[in-house]
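Please prepare a briefing on the structure shown here.

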Amino acid sequence: QVQLVESGGGLVQPGGSLRLSCAASGIIVSIVPMGWYRQVPGKERELVAAVNSGGSTNYADSVKGRFTISRDNAKNTVSLQMNSLKPEDTAVYYCNANLYRNHWGQGTQVTVSS
């Protein structure tokens, strides 16, 4: 059974930083494609960043140069370091694992506001 548990969300001022973490069980993050998505009310969930089994990463254009996805294989976690946050980054952020089907965490709220 795959379980993904996100943590690290919160309220931050524009220009600030947050680090999201996704603790995985039932899968091995180093061999499964993993990603972070976000969703705001009334809009579709969108890909923010992803890392494949080979370690290659890709990012949404809106976050390139500001966000970094990484894996800690020893802890079996995937993190999203978010810098230079903007109000438009406000959303619920979800961890995703693509193993036979999409698996999702419960989400963590990120609010960027002064």
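Predicted model: local features only at pLDDT ≥ 70, side-chain atom pairs only at ≥ 80, totals over all residues.

Residues are numbered from 1 along each chain as its sequence is written, and side-chain values use heavy atoms, with hydrogens and water left out. Four strands form an open antiparallel sheet, the largest nonpolar core has 28 residues, and four salt bridges are counted.

**Open sheet**

- The strand order in the open sheet is β1-β3-β8-β7, with antiparallel pairing; strands are DSSP runs (E, at least two residues), numbered from the N terminus, and two strands pair if DSSP finds at least two bridges between them.
- β1 (3-7) and β7 (67-72) are the edge strands, each pairing on one side only.
- From one strand to the next the twist averages 15°, where axes are lines fitted to C-alpha atoms and angles run from 0 to 180 degrees between N-to-C directions.
- Five bridges join β1 to β3 (residues 18-25) in the antiparallel sense, and Ser 7 is placed opposite Ser 21 of β3.
- In a regular strand, side chains alternate between the two faces of the sheet.

- β4 and β5 are antiparallel and share five bridges; the partner of Met 34 in β5 is Val 51.
- The hairpin of β5 and β6 has five residues between the strands, and Gly 55 in the turn has a positive phi of about 95°.

**Pairing of β9**

- β9 pairs with β4 over six bridges, antiparallel; Gly 35 has Asn 96 in β9 as its bridge partner.
- Four bridges connect β9 and β10 in the antiparallel sense, and Asn 98 lies opposite Asn 102 in β10.
- β9 and β10 form a hairpin with one residue between them, and Tyr 100 in the turn has a positive phi of about 70°.
- His 103 is in β10 (residues 101-104) and is buried at a relative accessible area of 11%; buried means under 20%, exposed over 50%, and partly exposed in between (1.4 Å probe, protein chains only).
- Leaving out residues up to four places away in sequence, His 103 touches Val 2, Leu 4, Cys 95, Asn 96 and Ala 97, a contact being heavy atoms within 4.5 Å.

**Nonpolar core**

- A nonpolar core is a set of buried Ala, Val, Leu, Ile, Met, Phe, Trp, Tyr and Cys residues joined through side-chain atoms within 4.5 Å.
- In the largest core, of 28 residues, those touching the most other members are Met 34, Trp 36, Leu 80, Met 82 and Tyr 93.
- At least two core residues come from each of β3, β4 (34-39), β5 (46-51), β7, β8 (77-82), β9 (91-99) and β11 (108-112).
- Beyond its neighbours within four places in sequence, Leu 80 contacts residues including Leu 18, Leu 20, Trp 36, Val 48, Phe 67, Ile 69 and Tyr 93.

**Salt bridges**

- Four salt bridges are counted, each a side-chain nitrogen of Lys or Arg within 4 Å of a carboxyl oxygen of Asp or Glu.
- Arg 38 bridges to Asp 89, with the closest N and O atoms 3.0 Å apart; Arg 38 is in β4 and Asp 89 in the loop between β8 and β9, 51 residues apart.
- Arg 66 also forms a salt bridge with Asp 89, at 2.8 Å between the closest N and O atoms.
- Arg 66 lies in the loop between β6 (57-59) and β7 and Asp 89 in the loop between β8 and β9, so this pair ties together parts 23 residues apart in sequence.
- Arg 38 is buried at 7% relative accessibility, Asp 89 at 1% and Arg 66 at 10%.
- A network of salt bridges links Arg 38, Glu 46, Arg 66 and Asp 89.
- Lys 64 and Asp 61 form a salt bridge with the closest N and O atoms 3.1 Å apart, and both residues are exposed.
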